[in-house]
Amino acid sequence: MRLLILLILFVASGFGVYWLATAPETLDTTELAAVSGDPERGEFVFNAAGCASCHKAKGAEADARLVLSGGQSFPSPFGNFSAPNISMDPEHGIGDWTQAQFITAVIQGVSPEGSHYFPAFPYSSYNKMSLTDAASLWSYMQTLPADATPSKPHGVGFPFNIRRNLGGWKLLFLSDDYALAEVSDPLVEEGRYLVEALGHCAECHTERNALGGLDRSRWMAGAPDPSGKGRVPAIDPGSLFWSEADIASYLKSGFTPEFDTAGGHMVDVIENTALLTDENRAAIAAYLKAIPEVAKAEP
């Protein structure tokens, strides 16, 4: 009996530690409510962060891509994730959220109900976004149309569907440190913010470990395509031999220096980067030339 009691106490204490360690962390709602956003700046953040690429309806083009009804499916080794409706519809979208709830979701990956979001929502990059930019994004998104399309459920099985476990994932892999820590050039610094915080390029172009955390030792050195077919190309300086001008031109036109065109998900990325300024694209190019070259893996 004594051993049984000790075992129960041990299990209970272990569960208590797990419950505390995996609890969702939120930001100060009073502070967030006081942040002022600018919808014009928010439109820039919206395009740089590629919000429409994931949350538009499949195949939507032109103005229809601003109807953020969701529904696109994104395969991964952990299951299929479905982009939710984030339009201003109060029932099926996020129209009844507060600014504080929105910023908490974007930067902390925590829902208004207090649960963890799956990191398919790239808050592990957005957590480097400034509070002002997050508030500006919210201001802009409130100007976009509402849509009453219900969000599709994720196709994620046990044990990955236990959202509380994502608190442990965050403890292991969520960091607001930049991969390129030391920056002295203002243009590269701007590019770092655009690439690492807003554009979240590493989410596709960097390999992940078995638990889905980014391998920062292979930053931008390419990764298996989440669909299981092919690879996302490497874009570190040792792999991408284009000039900065070539990179900036590609991000505007979608044409490579070899007269090829962007394909796959890069079509949506180019649609976003084409809406940025020439200086923004030059900053992205400068950043990609400033990151360390990654040694090639042995065949």
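Rings of Phe, Tyr and Trp pair if their centres lie within 6.5 Å. That cut-off applies to the views below, which come from a predicted model.

View 1. Tyr117, Phe121, Tyr123 and Tyr126 form one aromatic cluster. Lys170 sits over the face of Tyr123, 4.9 Å from the ring centre. Lys170 is also one of the buried residues of helix 8.

View 2. Helix 8 spans residues 166-173. Its buried residues are Leu166, Gly167, Trp169 and Lys170. They cover an arc of only 155° around the axis, so they lie on the same side of helix 8. The face turned away from that buried side carries Leu171 and Leu172, both exposed.

**View 3. Helix 7 under cover.** In helix 7 (residues 131-141), 9 of the 11 residues are buried. Among them are Trp138, Tyr140 and Met141. The cover includes helix 3 (39-48), helix 4 (51-55), helix 5 (99-108) and helix 9 (186-198).

View 4. The structure holds 9 aromatic pairs. In one, the ring centres of Phe78 and Phe160 are 5.0 Å apart and the planes stand at 75°, so the pair is edge-to-face. Phe78 lies in the loop between strand 1 (73-76) and strand 2 (79-82), and Phe160 in the loop between strand 3 (155-156) and helix 8, so the pair ties together parts 82 residues apart in sequence. Phe78 counts as partly exposed, at 23% relative accessibility. Phe160 is partly exposed too, at 40%.

**View 5. An arginine over a tyrosine ring.** Arg192 lies over the face of Tyr178. The distance to the ring centre is 4.0 Å.

Methods:
Residues are numbered from 1 along each chain as its sequence is written. This is a predicted model: local features need pLDDT of at least 70, side-chain atom pairs count only at pLDDT 80 or more; totals for chains, interfaces and linings use all residues. Side-chain values use heavy atoms; hydrogens and water are left out. Buried means under 20% relative accessible area, exposed over 50%, partly exposed in between (1.4 Å probe, protein chains only). Helices (H or I, at least four residues) and strands (E, at least two) are DSSP runs, numbered from the N terminus. The arc is that of the directions from the helix axis to the C-beta atoms. Contact means heavy atoms within 4.5 Å. Rings of Phe, Tyr and Trp (its six-membered ring) pair if their centres lie within 6.5 Å; planes under 30 degrees apart count as stacked, over 60 as edge-to-face and the rest as tilted. A charge sits over a ring if NZ of Lys or CZ of Arg is within 6 Å of the ring centre and within 35 degrees of the ring normal.
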